[in-house]
Amino acid sequence: MAKVMDNYQLLMQKLDQFIRKFYVNQLIRGTLYSIGLILLLFILFNAAEYYYYFSVGVRKLLFYSFIGISSAALIGWVFVPLLKYFRLGKTLSHDQAASIIGDHFPNVKDKLLNILQLKAQSTNSSDKALLMASINQKSEEIKPVPFKGAIDLSKNKQYLWKYALPPMLLFFILLFGAPSILKEGSNRLINNNEVFERAAPFHFSVDKENLTVVQFDDFPLTVKVDGEVLPNDVFIELDGYKYRLNKVDANTFTYLFSNVQKDMKFNLSASTVNSESYDLDVLLKPNITGFDVKMDYPNYTGRKDETISNIGDFVVPVGTDLSWMFNSLNTDDISILFSDKTGKVKANRNDETRYSYKKKALADQTYKLYVSNDDLPNADSIAYSISVIPDLHPNIKVEKFVDSLDNKMLYFVGDASDDYGLTSLAFHYQVKSENGATKPLQTIALAKPDNKQAQFDHVWDIEALTLKPGDELTYYFEVYDNDGVNGRKSAKTNMMKYELPSLE
């Protein structure tokens, strides 16, 4: 029984060796196929691009076709046999290997297949001993047959000469004889997003580093043409339309982009020569699209608060609280320079487009708005002015009347006024004795004015003061306004005087 198993195991080892050699043969043949196909495609695609200058789309197709076909060839012809050589994935079965060996050694085909069939039957057969004896006999008969001889690796030389060597020879001929075909063709195929100019008697020169323009501005384009033969006309293509450039001299042409609002692509052409595609980049201009100014007037003025739109010059009472609200576009910063400040102040950013700033108006001044973004710092500015109406001093005047029968009975009639309102009205007097001693100032509060203008009267009996001979009496009226910013201000009448004769 052990001998039977030894003969059968030896047969299986020989079959496994054959299967591995089978995949080695496939690996060699697939490598030669892959080398030939990849080199041939490489040469053809590079030569075609070198001579024909394909468009971007065609070069993309060639490049990715080469990558795809090469990958498929390497996977199918090289990596798959290599994996199967290491018994990864599905490989040849012993039955399939037996059929291939039988095609090379016809006299062993039936015996080999019969052995495999008997082995399969012996697993569940009651005559297992008889089957194993038959397996041993047949195995012994075909034992001398070299299964690996069914595959001749030397036959792969025909594939080397037929498929791999000609492209390799052509590759080395071009590599050393005409390297520019491979070098330039490869460069253009790899960089298939770029446009390459066909070698021409002239070429276009544009300062690509400075192809930027501020939004809504004009951009003057200057094109230089260099070469042995210069064109008479140069055209620019924009949005599918061609326009003739202005000729300055034989080498210089110009074109003006007017009111540029968005990024633009363009290319140049003259005769049969086309330039690469250029990009004119637009720097988005920061802009204040509108603004409101809320005016919170001091309460004492009696004026109702109001809001004005898109008006930066205004006249307000002193102490008014001003609140700006700006709406912007493409703006990263709004700064304000007031004439009473040494530097700019930044407006508060409320969201992506809205800014705000608050200030109390105390004096006449001018201010400038500066808008900017990362690309255009301090791109634009506009100046406005604030005129402040100061709180005026109140006015007061009075007339005095003396009783013709009693000169110590005085009558006063007067007027008082202010721009916003009066808060108090008083009569003041002071007595100075003959010896120079001054008594404290006395005040008599009069009726409080209830509006901006007030008329008043006052009757004063000097006799009630019991003046002494030689006393001097001075008196005047005083009124106060309602200034809520700088504090109440007063106005006085002229100082009036009454002198009592001395004993002398």
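User: Hey, how do strand 11 and strand 12 pair up?
Analyst: Strand 11 (residues 287–296) runs antiparallel to strand 12, with 4 bridges. Strands here are DSSP runs of E, at least two residues long, numbered from the N terminus, and two of them pair if DSSP finds at least two bridges between them. This is a predicted model, where local features need pLDDT of at least 70, side-chain atom pairs count only at pLDDT 80 or more, and totals for chains, interfaces and linings use all residues. Residues are numbered from 1 along each chain as its sequence is written, and side-chain values use heavy atoms, leaving out hydrogens and water.
User: Which residue is the bridge partner of Met295?
Analyst: Glu306, in strand 12.
User: And what's the strand order in the open sheet?
Analyst: The 5 strands go 12-11-14-18-17, with antiparallel pairing. Strand 12 (306–309) and strand 17 (348–349) are at the edges with a single partner strand each, so one side of each has no neighbour in the sheet.
User: New topic: how many aromatic pairs are there?
Analyst: The whole structure has 38; ring centres of Phe, Tyr or Trp (its six-membered ring) must lie within 6.5 Å, with planes under 30 degrees apart called stacked, over 60 edge-to-face and the rest tilted. Trp324 and Phe338 make a tilted pair, 6.1 Å centre to centre with 55° between the planes. Trp324 is in strand 14 (residues 320–329) and Phe338 in strand 15 (residues 333–338), 14 residues apart.
User: Are Trp324 and Phe338 buried or exposed?
Analyst: Both Trp324 and Phe338 are buried, meaning under 20% relative accessible area, with exposed over 50% and partly exposed in between (1.4 Å probe, protein chains only).
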